[in-house]
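These are my notebook entries on a structure that is new to me. I record what I looked up, entry by entry.

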Amino acid sequence: MTQETAIRNTLPESLSHVVLARLDALEDPELNQGLVSANIVRSLGLDGRCLQIGLAYPYPCQSQYRDRVMSITQAMADIEAIDEVECEVGLAIPAITAGSVAALPTIRNVIAVGSGKGGVGKSTTAVNLALALAAEGARVGVLDADIYGPSIPIMLGCSDFEPSSVDGKTMEPAFAHGVAASSMGFMVTEGNAAVWRGPMAAGALVQLVNETRWPELDYLVIDMPPGTGDIQLTLSQKIPVSGAVIVTTPQEIATADARKGITMFNKVNIPVLGIVENMSYHICHNCGSKEHPFGSGGGLATAKRYNVPLLGELPLDLSVREHVDGGNPSVVAEPEGAIAEAYRAIARKTAAALVTRSEPQSLAIEITTD
Ligand SMILES: Nc1ncnc2c1ncn2[C@@H]1O[C@H](COP(=O)(O)OP(=O)(O)OP(=O)(O)O)[C@@H](O)[C@H]1O
């Protein structure tokens with residue numbers, strides 16, 4: 001999968017042999033490969049009896065650094081020549097291009113969040129996914145492409161944002177909770193977009209992507225319009241989408257629609273990174289039991305059938321709605337909560353799937369942080 005990058009290795013040969021073997025025996029939980037094979041180990045050195053390891057992850061996972069360093073330290077514990085382990089951990093998020101559309105100059109990866117039908121929580125998932133990628137250390141933007149019901153400005157608490165231009169050519173994005181955002185909602189008044197025909201809407205959206213002055217971004221998350229019609233198809237063909245996430249609810253009807261979404265992305269050669277099952281279950285506030293109001297297993301069954309990962313399951317929870325409707329999505333409203341962690345886990349899996357599901361020749365690796 002990832003292109004081989006040489007490890008800067010100044011360890012004596014016998015020690016190097018042992019250390020590399022132990023590091024490769026530790027499997028990365030998202031890439032399902034040893035740390036050496038997955039190209040995460042970038043440098044090895046020795047300062048007296050202190051082993052220095054440089055690590056660079058191709059997907060954001062800042063919240064996991066402590067645990068990962070601990071398991072590396074543990075794996076080295078009984079090596080005779082070493083008393084101490086020092087790890088320097090960073091990100092090296094590759095730019096992934098799928099299809100033939102030229103990459104956007106400041107954007108490494110574009111993730112489209114789609115759904116076969118409306119109302120399944122696609123925008124809620126897109127906005128929390130974007131904030132979760134940012135919480136894990138990535139530079140993130142969100143584009144609200146849901147022209148007929150732009151909800152991202154409300155969800156990010158920036159609906160008062162007035163678009164402006166510094167250079168007279170491009171539009172400045174809004175910034176909220178550490179992510180850049182652009183939305184048709186900044187341009188059209190309520191109701192006025194509803195009369196736009198498909199090609200006009202698609203054209204306006206492509207323009208919005210290209211003419212927003214995005215800062216350097218590791219990921220641009222696009223909240224796609226619901227459905228699998230012409231607009232979705234045009235967008236997928238005119239914007240360099242690196243991979244797609246499909247949001248569904250467990251009901252058979254929603255998953256049947258999710259299948260249409262998968263088929264559409266397959267048709268335009270955009271890798272489907274996986275499925276998020278939203279409103280999967282409900283935890284009873286009185287007795288703590290897990291209930292499945294919309295049935296269970298639909299997301300997993302669809303994921304298996306199409307051989308794509310199930311990225312995660314989110315509960316039907318009043319707080320998800322309250323947070324997002326109040327402009328303060330769960331990932332930032334309750335960062336220590338179980339729901340925020342569920343979104344961060346989805347973010348790690350999504351970004352890792354981007355690496356594992358793409359062809360090696362489409363990767364361009366560059367270290368972004370240390
Ligand atoms: N897991 C959840 N628990 C509770 N409420 C949720 C959950 N996910 C989404 N909602 C709520 O469901 C409603 C629809 O969500 P959202 O707008 O994200 O769906 P959508 O699929 O983007 O809809 P549309 O297709 O209309 O754009 C919102 O009020 C949102 O707050």
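**Entry 1: the two domains.** I looked up how far apart the C-alpha centres of domain 1 and domain 2 lie, and the value is 34 Å. The model I am reading is a predicted one. For the bounds, I noted that the domain assignment places domain 1 at 8–91 and domain 2 at 96–359. I then turned to the contact between them: 9 residues of domain 1 meet 12 residues of domain 2. On the side of domain 1 that touches domain 2, I recorded 6 nonpolar residues, 2 polar and 1 charged.

Entry 2: I consulted UniProt, where an unreviewed entry lists residues 19–86 as "domain: MIP18 family-like". Over residues 19–86 I found 28% helix and 26% strand. The end C-alpha atoms of this stretch are 13 Å apart.

**Entry 3: the surroundings of the ligand.** Which residues are closest to the ligand? I noted G118, G121, S123, T124 and R321, out of 21 residues that surround the ligand. The elements that contribute two or more residues to this shell are α3, β12 (272–283) and α9 (318–325). The largest share, 4 residues, comes from α9.

**Entry 4: helix α3 against helix α11.** I next examined helix α3 (residues 122–135) and helix α11 (residues 338–356), whose axes come within 8 Å and cross at roughly 80 degrees. On the α3 side, I listed N128, L129, A132, L133 and A135 as the residues making the contact. On the α11 side, the contact is made by Y343, R344, I346, A347, T350 and A351. By class, I recorded 8 nonpolar, 2 polar and 1 charged residues in the contact of α3 with α11.

Notes:
Residues numbered from 1 in each chain as written. Predicted model: local features only at pLDDT ≥ 70, side-chain atom pairs only at ≥ 80, totals over all residues. Axes fitted to C-alpha atoms, helices over the stretch in contact; angles between N-to-C directions. Contact = placed C-beta atoms within 7 Å. Nonpolar A, V, L, I, M, F, W, Y, C, P; charged D, E, K, R; others polar. Near = placed C-beta within 6 Å. UniProt positions renumbered as here; feature names shortened; annotations may be inferred. Domains from an automatic or database assignment.
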